[in-house]
Each structure stands twice: as structure tokens, then as C-alpha cells.
Amino acid sequence: MSATPRPTAAAEPAGAALPVAPGGATARAAWRAARAHRGLLVTSLLTAVVASIGTTATPVLLGRVVDAVAALREDGGAFGSTGLVALFSAIGAAVLVTAVFTGLSLRQVERLGAVVAADLREGCVERAVRMEAGRFERAGAGDVTTRVTEDIELFTLSVPLLAHVVTSLITVVVALAGFVTLDWRLGLAFLVVGPVYALGLRYYLPKAGPLYGAERARSSERSRVLLESIHGRRTVHAYRMAPVQSARVEETSAAALLAGIRAQRLAMRFGLTMNIAEGVGLSGVLACGFLLVRGDLASVGDVTAAALLFHRLFGPLGMLLMSIDQVQRAAAALARIVGIATLPVPPVRAGGATPDAVAVRVRGLRHAYSPGHDVLHDVDLDIPAGTSLAVVGESGAGKTTLAAIVAGVLPPVAGTVELVPVAGAAGGDGAPIAVVGLDPDHLRDVVTMVSQESHVFAGTLRADLLLARPAAQDAQLVEVLERIGAAGWVRALPSGLDTVVGASGHPLTAAQEQHLALVRVALRDAPLVVLDEATAEANSSGSRELERAAARLLRGRTALVVAHRLTQARACDRIAVMHEGVVVELGDHDTLVTAGGLYSRLWAAWSADGAGAR
Ligand SMILES: Nc1ncnc2c1ncn2[C@@H]1O[C@H](COP(=O)(O)OP(=O)(O)OP(=O)(O)O)[C@@H](O)[C@H]1O
């Protein structure tokens, strides 16, 4: 695969290919995920309702105490001390119920939130991993990475807050009902806060969504540019793009920071509106209460209860309104997660058993990354079972595209790729296997692809190799390491197979990482192997070592090899020469060199360039 930037891909706006779910779809996805845990959902709601009833009952009962004390003074205690004891007992019970059920409901709602977040996270990561390669490239790794890391983290961290929001919402609804049971006019007085809140929300909400959306988008953009700079560091150095790239990082970071400050400033202004609303609301309730008591329409106890209830509501109301911004942020993150989690899964055909040996039959293959710009034109190819075919050609000729389609990771615009089992081969039912649209699990059994960018996962070297064949014993690992020529340097590692490699582990050279990728292919032992410049990422001695490893791996195996290094092409049974999406020459090395066509010119240039030394 080329390290040069792809013009078409770069011209597309980042993230264009990945959808963000609309509000309704996001809410439905969250609700579906919650409903999947019905028991937890029901207990969460029930405990929250009981806790809210307890919260509302306490001020109402305290109002009754005020009335009882007033009556004690006025009519000499008709209500009696027994009544007071009963009231205080009821208050005690209400306080206890509130305390116990608030704790319970928060725990239940948080647990529900955590499992819902986990389900959505798994759905998102699974879909991201299985995403069609072309879509992934168009979207840019940065956008996908931000969604499966930052967005998921933001949403997961918001779960405790969301639990408080849900319980606060239930408390507000139950408390409003409590107001109405006291005196509907007190309920109305309370509602004077409505216009103040409404004005505040009217100012805040239309600005908040776009501001938080912009904040997420800027942060996504910053990740994209950072990732691009890190992954494309060789290109950046080669083209002396460091100052340009640094300026882009600076620019996107500044834009992300500015978007964050704007969002915070808005939240502070909104907080001020809330304080005003609380003052206005309490004054409204007390003024209305004063008039009602003076007109003998309500008792002092009712007004006290209403004022206390309103005071009780400050907390949940404030929590609801102040967290609108964070809820919006969580919702924006969730919309992006759901956007990936609900990506349509391309239909797959279930695969059968895996044959031991296959030939490859490619017919009428066409591909275009953008409509009307074909990069492969009706390619026909055959790779007989147990032989290797090298694909060579100038940069942009279509080699990687062909390899990706044959490996089943890129669906073509037209044409077929079939794996034809060898007559009498063990495994399989003898029927050709069409690669395009094959179930990914079965695809992994029949084709293994290695590109230039191989990855070593964090963990022991043994664990890294076992990814390819989980049941393999050490003896088998060592046998394959010997066969592929990696046993020497693996033995020389500080703890051999137990050496921890990958991020923050024992550093491996680029050639060693590629070597391990080839060992994993051998362990996987799929009937078809596709190598896309899998030996290119190394210095010259490393490349020779890798070429020898690849030659050992490919012996007797059906393989398609994209080769920049023509010595590797020479080692293959046949060579297909590509030019502008067409196979223009096909044959073995000697035939093509003597034919005097494009390959012979490429070979001459390669040889003149000191190929012998490489
Ligand atoms: N993801 C993509 N989006 C748009 N165009 C692409 C994409 N990948 C490749 N192309 C274009 O398709 C054509 C074939 O590219 P491809 O990578 O298959 O060629 P190649 O022969 O492997 O080149 P190289 O040796 O440089 O890797 C080129 O014009 C390239 O710019």
C-alpha cells in the first residue's frame, strides 16, 4: 500500500461518510438498549417513584405539623399530642423511605445506564471493526477513533449524571402533583418560575446544541489531524511538511479550545437565569400564600408545605437544568455512537467448511472509488492452486485495490472473485466460494491478508501469535517460527515467547513486526494468502530477511503478492503487470524480461538502481 496521500480521499470532507443519528433515532436506540434489561428498567423506575413520593411527603407532613402547632395555640390542642406523634412518626418514615429508595434508585438507574452504555459501546466497536474498508478510509481514521474512544468515554462518564437526571425528573413530576394536592393556587404561583426558565431555555437551547456539536466536531477534527500527522510521519518528513502539519495541529487545537470556551460561557449565563428563577419562584409562592392565608383560603401549614416543597425542588430542578448542557454533550456523543452502531450491515452469505487448497478465479473485476472514475477495468486473472502471483506496476496502477478485492475486504463495483477448491482437496464441499459478500468469520478462514502496516498487539509475543491460532501449543509456535525464519531473533528476546511486546512493551523493529505478521499468516494456514507489500517496511537487510520469510511462507501456497521490490516478484511463480487498472502483461519473470515490455523496463530500472545490493 502506498504511503503517498490519496487525492480523492483527502478531498472528501472528514467524517462525510459516517452518519450521526438524528435525535429520534438516538432516543429510540437508547430506549431499545434499556428495554433489553427489562427487570433493571422496571426496578429503576419503581424505586425512583417511591423515593420521589418520600421526598414530596416530608414537606407536606411538615406543613401539617405547622397547622397542628397553630391549632394547639388557638383551640387548646384539639389535635392532641397523639396526632403530633403520628405526624412526626410519618415524617421519620418518609425520611427513611426517601433515604433508602434514593440510594436504591440511583444505584439501579446507574447500573441500567452502565449496561446500556456497555451494549451501545460494544455495538459501536463491533460495527467500527467490521466497517467496510472503503467507508473507513473515506471517513478518516480520526473520526472513527474519536467515536469509539472519546465519544464512548464521554457517554459512559455521563452515566452517573444521567442517573441523577432521570431520578430528578421523576421527583419534579411527583412534587408537582404534591403542589396540586396542597392548593392549586399555590401550584399556579409556583408556575411563575416557568416563564423565567422558559426564557432562559429559549436563549440557551438553540445555541447549546450547535455549540456542543461544534465542540465535538472540532475535537474530532483535531484527533484526525493529529492521527494523520503521526501515521503519515514518513510522508510528512519526506515532503518536509512538518511546519505545515504543525500549523494545522495548532489551528485545529485552537478551534477546539475556542469551541469549548464558547460552550462554557453559554452554560454560565444559563446558570444565572436559574438563580433568578428560584428567587422569583419562592417569592411567588410566599406572596400567593400570604394572600390565601389572609383570605382564609389556605392554612399557614399549606403555605409552609408549599414553600418547603419548592425549596426541595431547587435541587432536582437545578440538577435538571444545569445538566442540560452535559446531557446535550452526552446526547451529541450518543448520536455519533449510534450513527456507527446502526450502520447497515452489508448482507453476508454464510460460508461452509474450508477447503485445504484453492485456485483463484477473478472475472470482470471493475472498481471505482468515485462514480465514473474506474481504477480497475474488467480484470480477469487465474491463480492456480499452490502457486503465487506477483502484481507489479507503477504507483496508482490499482495493485492494492485488486489485492483488497481478492482478499474480500473491499467490495468491487462489478465482477467476481471465486476460490475454486482443488479436486480431491480435503475440507469444503467442492463448490467454488465467492469471496465478495462472504460472512467475515468464514472469510478469515479462507483468506489471510497482510499489508505493509502490520500491528503488534500489547501483550506477550505468545499471545500475539495465538491470535492467529488460539489452540496452538508452544511446540507448534516454535515450529512455525523456525519455518518462517523468525525463531533466532525471538529466542534472543529477553524472555523469548513470554516477552511483552506492543505499546509500552519490548520494542520491535519494523522488520520484526512484519516478520511476526508473516508468522501469524503461516499459523493461520488459510488456503489463500494476500500480501500487500508486506516486505517493504524495512531497511535493505531487513527487506531481504523478510523476502526470504515470505518465500518460505508462500512455498506451495496459493498467493497474490503486491510487490514493489521486484526481487520478490521474481521469486513468485508468475507476475501480472498492471497499468492504469488493466493487467497488461502476465507471465514468469524470465518470459517477461525477454518480452521487452513494461516489466522488462521496470526490471531494467530496478536493476540499474542497484537491486543486487538490496
Ligand atoms: N480510498 C481511496 N479513495 C479514492 N481513491 C483511491 C483510494 N485508494 C486508491 N485510490 C485511487 O485508486 C487508484 C489505484 O490505487 P491503488 O492504491 O490500488 O494503486 P497501487 O497500484 O496500489 O498504488 P501504490 O503502489 O501507490 O500503492 C489510484 O488512482 C488511487 O489514487
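**Exercise 1. Find how many helices and strands the protein chain has.**

Solution. Start with the rule: helices are DSSP runs of H or I with at least four residues, strands are E runs of at least two, and both are numbered from the N terminus. Residues are numbered from 1 along each chain as its sequence is written.

**Exercise 2. Work out where confidence in the protein chain is lowest and where it is highest.**

Solution. Take pLDDT, the predictor's confidence in each residue, from 0 to 100. The chain mean is 83, and 88% of residues reach 70 or more. Helix α1 (residues 7-11) is lowest, at a mean of 32. Strand β11 (residues 574-579) is highest, at 96. Over residues 1-16 the pLDDT is below 50. Where pLDDT is low, predicted coordinates should not be read in detail.

**Exercise 3. Decide whether Val360 is buried or exposed, then list what it touches.**

Solution. First, locate Val360: it sits in strand β1 (residues 358-368). Next, apply the cut-offs: 20 or more other C-beta atoms within 10 Å means buried, 12 or fewer means exposed, and in between is partly exposed, with C-beta atoms placed from the backbone. Val360 has 24 C-beta neighbours inside 10 Å, so it counts as buried. Last, check contacts, meaning C-beta atoms, placed from the backbone, within 7 Å. Leaving out residues up to four places away in sequence, Val360 touches Asp382, Ile383, Val406, Val417, Leu419, Leu528, Thr558 and Leu560.

How values were computed
This is a predicted model: local features need pLDDT of at least 70, side-chain atom pairs count only at pLDDT 80 or more; totals for chains, interfaces and linings use all residues. Two residues are in contact if their C-beta atoms, placed from the backbone, lie within 7 Å.
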